[in-house]
Amino acid sequence: MADVLGSAGFVVQQALHGYGDGHRLLAASASLPPTDARVMLVLSDASGSSAEFPANGYLTGYPLAGSAKFVLARTWPAPEMSRPGCVWTHSLLIDFGDLARMRSATGLIELFRRPEGGSRRRYETPLKVAASPARRLAKVGDVGAATAALGTLYRRPKQKVVAQYSDSSDEILILAVWMQQWPRLRRGFRFCSFAASDRSTSGESFDLQLVDRNILAHRFRLPGTAIASITEFTAALEPLLDDLLSPDCEGLRSFLRDVGGDVASGRAGMLPLTRLFAATRSSTFEQGDISTAFEALDELGPAQATQARAFVVEQALSQVEKLGGPVFQLIMDSVASTGKELSKPLAERFGRALWSYSPARFAEALSEGGVVGNAADSSLRSLSREDLIEGLATFPNAADGVLKRRHDLLADPLFWRLPGLETDTLLEAVAADPGIAAPVLGAMVSSGRGDIADMAVQRLGGARVIEALKTAANIASSNQLVPWLNALAPTDLASALAGGIVRERSLLVAIARTTHPDSVPNDYGDDPWAIAVDGSTESLDIEADDFLGAFLLARGLGHRSRSPGRLLSQSLERVHSALAAGRMPRAGWQLIDMRLPWVWSWFEWDRCARVREAVVDRFIGSNLDPAHFATLASEDSLWHSLVDLAARVGHGRRYLQRVRRTLTEAPDARQRERAEYIKECLH
Amino acid sequence: MAQPDIEHSVSIVGLPGSGKTTLLAALWHLVQTEEVPLRLHFGALGDGDFAHLNAIVKRWRSAKEQERTKASGIKSVSMNLLDAAERTVRVTFPDVPGEEYQRMWEDRNIDERLAETLSFGNVLLLINGDTIKAPAWVTERASQAKAIGKPIAKTVPKVWHPSQAPTQVQLVDLLQHFGRPPLAAGPRRLVVMISAWDKAEGEQLRPEPFLGAKLPLLKQYLQSNRDGWDWRVYGVSAQGGEYDQIKRNAQPRPDAARLREIDLPSKRIRLVFDTTESHDLTEPLEWLMY
């Protein structure tokens with residue numbers, strides 16, 4: 001890895017301080033504002049009195065905020081000068097921008113030069129920092145010192161940290177700690193590799209100072225100062241130590257560089273960022289890791305580490321389906337706060353997960369819009385009906401927003417079983433869209449929501465309901481149909497039957513079971529029931545057809561119909577057969593029985609006979625169309641018995657004459673045979 | 001600590017190498033030990049950096065050179081002294097690096113804390129009698145060169161820097177600052193101390209005439225009384241001779257060994273005022289206070 005980003009290196013300004021009638025700036029390649037010049041004058045002087053400074057000097061690092069530069073300086077003792085305590089200091093002034101891009105301090109260290117002789121000219125021109133220095137700095141060797149330094153620096157972020165000076169290799173540790181930091185922290189980090197007294201001023205504390213053992217004991221045990229100790233180290237800082245000893249081995253410092261830009265809490269940010277790194281590096285990145293990550297973000301503060309927050313959210317979203325509970329809420333809040341739209345596939349996944357997490361929150365997001373709302377919206381189309389209905393069961397109020405995009409739910413019977421629906425509003429919406437009325441009504445019927453039948457008929461009209469019942473009749477139970485049929489007006493039924501709309505035998509049976517034989521009006525034209533039955537085919541349900549036959553017979557024997565003969569001819573044989581076989585359902589017999597004339601109880605048992613007699617009496621008494629009498633039964637024995645009954649009375653015989661005339665004129669041979677039978681009967 | 005009867009601040013002012021720290025160390029030794037008669041006696045310790053004070057007095061007693069005061073900050077000490085009437089006088093001495101005063105001349109700038117310190121109290125101005133940078137006359141240099149047969153070198157003009165100004169120019173400017181904001185505090189007393197007097201007395205002049213001879217501009221300024229200074233001139237040798245250097249492997253100096261032999265270190269100190277001489281550094285202090 002290149003030490004410095006970019007192949008061209010960069011330029012630094014430089015300055016030389018030393019003694020010349022007082023400690024002063026002797027040469028510089030650039031001028032500085034007075035405040036920064038003052039800071040440099042003070043910090044370029046010796047780091048204290050009465051100390052054996054290292055012969056190779058020591059390093060001091062500090063920022064010059066006014067000039068947006070960081071000073072890395074090396075100070076040497078100057079025993080050759082006349083006054084004791086004089087020093088030389090060569091300072092490199094690094095632009096903050098260049099400092100941010102640096103990966104290593106090697107290129108800077110190589111530039112330091114102790115002045116020799118009287119010439120100062122070499123310090124009056126800027127210096128070029130090599131892109132690829134000739135050598136690399138040695139790695140940190142003293143793990144104990146590194147552990148103590150890292151632990152104390154980052155677990156006591158508000159305190160000045162002092163550590164015992166060992167030898168010149170301490171510089172390697174300090175520079176490694178410095179270069180490990182993200183740019184914003186790095187440019188504010190103050191350090192000194194050999195301090196004989198505290199170099200902090202009232203406004204600016206030094207973060208790390210290495211101190212001679214003897215001085216450490218006396219001059220640095222002050223409030224606000226922490227002595228570096230291994231006991232401060234915590235397992236959470238392990239990745240940081242690993243990274244220090246083997247730079248960027250796991251990508252930690254790259255991570256710090258990427259996310260530290262808006263972390264303004266200084267050293268206090270290192271521990272949570274390291275925790276965050278560890279949590280997001282887990283190969284599974286499970287709920288626990290995400291919780292840990294968010295705890296770390298909370299430590300940093302709500303307005304900090306927006307990049308880190310975005311990173312965590314991105315990682316979490318990759319497994320959004322596995323999230324739940326508080327973690328999902330955290331993710332959702334973060335997604336909302338970033339304001340950055342999710343990609344379409346991710347938005348759909350997130351929206352589905354949101355629905356699963358909380359339909360209430362989903363509905364809220366839909367109405368509020370924003371990133372979360374858009375994700376909810378995009379996921380609506382892909383959510384299954386089952387999932388939607390399951391969610392609506394927990395929060396029916398979400399139906400309004402969901403239905404705007406998912407009308408198809410209305411055609412699902414499960415939807416109509418949801419509690420708390422605003423049925424009135426929904427029916428209004430269905431009424432406004434005739435195209436969906438039929439499937440919606442079918443769903444309503446199948447759902448068993450008989451309670452809304454009246455409202456539905458009122459809103460949508462009986463014709464639409466009947467149309468829906470045509471389909472529903474095949475799948476709905478008769479119990480489900482009853483309230484709907486009851487809700488229909490007799491005139492609606494009449495129109496539907498007469499109009500040939502209802503052809504399904506099952507629906508006819510259902511209507512018959514639900515209504516009175518006389519309820520459907522027949523004020524004009526042929527009987528609606530007769531028309532409808534003619535247009536339908538027998539079903540496989542014998543009992544149902546038997547019942548229908550009884551219903552029609554009962555209607556035919558009544559006085560509502562204008563086509564009684566037709567009704568009787570449609571139903572007699574069926575009814576007679578059912579009665580003869582003893583299979584007529586009780587409900588059917590009840591309908592017929594109420595139409596039959598009274599007989600002595602000992603004649604009640606012969607139901608067939610009673611029916612035959614009633615039918616014949618109806619034909620003769622009402623002078624029904626002889627053509628219908630002629631086709632009253634296909635079976636000859638039954639028909640003959642009817643003829644025999646009719647021939648017993650005089651008006652019956654006269655009626656039969658008319659029937660005979662009708663039959664004689666028929667082209668069918670069989671009918672002419674029946675005419676002959678009547679002729680024989682009358683003689 | 002009981003409240004003093006009188007509070008005074010005496011600022012020891014001087015350019016780098018003028019002997020401020022040495023004077024303070026000698027004074028502290030005098031007051032602590034009272035080996036010789038003093039105008040002001042030790043009362044009690046006051047506030048301040050006594051670790052620093054103890055460190056410099058230890059070095060002084062050992063006849064070792066003081067390290068130059070670092071630019072890192074102003075250390076201040078105060079001590080309660082008793083005058084002849086047994087009144088408690090608290091005297092505060094900021095030990096300021098000479099570079100701060102140099103900055104006032106060169107950069108026209110002053111540290112806020114130093115400004116606050118100098119804005120009240122009287123002034124003790126130290127001038128190293130051995131390192132006075134006198135102005136040079138070009139004609140004098142030329143005639144000297146001619147007299148000894150040395151050719152006059154062709155010099156390359158260089159940019160003038162304030163540090164090249166003569167000592168008296170810098171000192172007059174320094175004193176003039178006391179008459180202007182932010183330091184102005186009305187008329188004050190000024191003690192001008194010519195330090196390293198053991199070297200300067202070879203001129204065979206008393207302190208005030210020495211001032212007139214070596215620093216005429218300064219003397220004229222003071223005599224003109226433009227800024228209301230009430231002034232005196234002393235000569236002082238706070239060491240009594242050359243002390244040993246503190247750098248490693250430095251050769252010991254005979255003077256230092258001799259001075260260490262003196263029974264009472266206080267007697268190394270020589271204070272000269274006009275024709276009188278004593279060891280009592282509190283005398284100018286007493287004058288500054290009243």
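**Overview**

The structure holds 55 salt bridges over all chains, a salt bridge being a side-chain nitrogen of Lys or Arg within 4 Å of a carboxyl oxygen of Asp or Glu. This is a predicted model, in which local features need pLDDT of at least 70 and side-chain atom pairs count only at pLDDT 80 or more, while totals for chains, interfaces and linings use all residues; side-chain values use heavy atoms, with hydrogens and water left out. Residues are numbered from 1 along each chain as its sequence is written, and chains are lettered from A, with ligands numbered from 1, in the order in which they are written.

**Interface of chain A and chain B**

- On the two sides of the interface, 21 residues of chain A are in contact with 23 residues of chain B, contact meaning heavy atoms within 4.5 Å.
- The size of an interface is often given as the accessible area lost when the parts come together.
- Between chain A and chain B, about 1,900 Å² is buried, and carbon and sulfur atoms give 43% of that area; buried area is the accessible area (1.4 Å probe) that two parts lose on being put together, summed over both.
- R24(A), R38(A) and P84(A) supply 31% of the area that chain A buries against chain B, more than any other three residues.
- Four salt bridges are counted between chain A and chain B.
- One salt bridge pairs the side chains of R68(B) and D45(A), at 2.5 Å from N to O.
- On the side of chain A that touches chain B, the elements giving two or more residues are β2 (23-28) and α1 (34-44) of chain A. Helices (H or I, at least four residues) and strands (E, at least two) are DSSP runs, numbered from the N terminus.
- The largest share of that side, four residues, comes from α1(A).

**Nonpolar cores**

- The largest nonpolar core has 181 residues, and those with the most contacts inside it are W178(A), I331(A), F350(A), F415(A), W416(A), W484(A) and W529(A). A nonpolar core is a set of buried Ala, Val, Leu, Ile, Met, Phe, Trp, Tyr and Cys residues joined through side-chain atoms within 4.5 Å; buried means under 20% relative accessible area, exposed over 50%, and partly exposed in between (1.4 Å probe, protein chains only).
- Helix α5 (residues 170-180) of chain A gives the largest share of this core, seven residues.
- Leaving aside residues up to four places away in sequence, I331(A) touches I290(A), F294(A), V313(A), A316(A), L317(A), L323(A) and F350(A).
- A second, separate core of 43 residues includes L53(B), I56(B), A256(B) and L281(B).

**Chain B as a whole**

- Chain B has eleven helices and nine strands.
- Of the 290 residues in chain B, 52% are buried.
- Among contacts in chain B between residues at least 6 apart in sequence, 75% join residues at least 24 apart.

**Surroundings of K160(A)**

- K160(A) lies in strand β7 (residues 160-164) of chain A and is buried, with a relative accessible area of 15%.
- The side chains of K160(A) and D198(A) are joined by a polar contact of 2.6 Å.
- Not counting residues up to four places away in sequence, the residues that K160(A) touches include S200(A), S205(A), F206(A) and D207(A).

**Salt bridges within the chains**

- D243(A) and R253(A) form a salt bridge through their side chains (2.8 Å, N to O). The pair links distant parts of the chain, ten residues apart: D243(A) is in helix α8 (residues 238-245) and R253(A) in helix α9 (residues 252-259) of chain A.
- D243(A) counts as buried at 0% relative accessibility, and R253(A) counts as buried at 14%.
- R253(B) and E65(B) also meet in a salt bridge (3.5 Å, N to O). R253(B) is in the loop between β7 (229-237) and α10 (254-261) of chain B, and E65(B), 188 residues apart from it, is in the loop between α2 (50-61) and β3 (75-82).
- E65(B) counts as buried, at 17% relative accessibility.
- D244(B) forms a salt bridge with R260(B), the closest N and O atoms being 3.0 Å apart.
- D244(B) is buried, with a relative accessible area of 9%, whereas R260(B) is partly exposed, with 35%.
- Salt bridges that share partners join R38(A), E100(B), R103(B), D111(B) and R113(B) into one network.

Conventions
A polar contact is a pair of N or O atoms within 3.5 Å; within protein, one must be able to donate a hydrogen and the other to accept it, and residues adjacent in sequence count only if both atoms are side-chain atoms.
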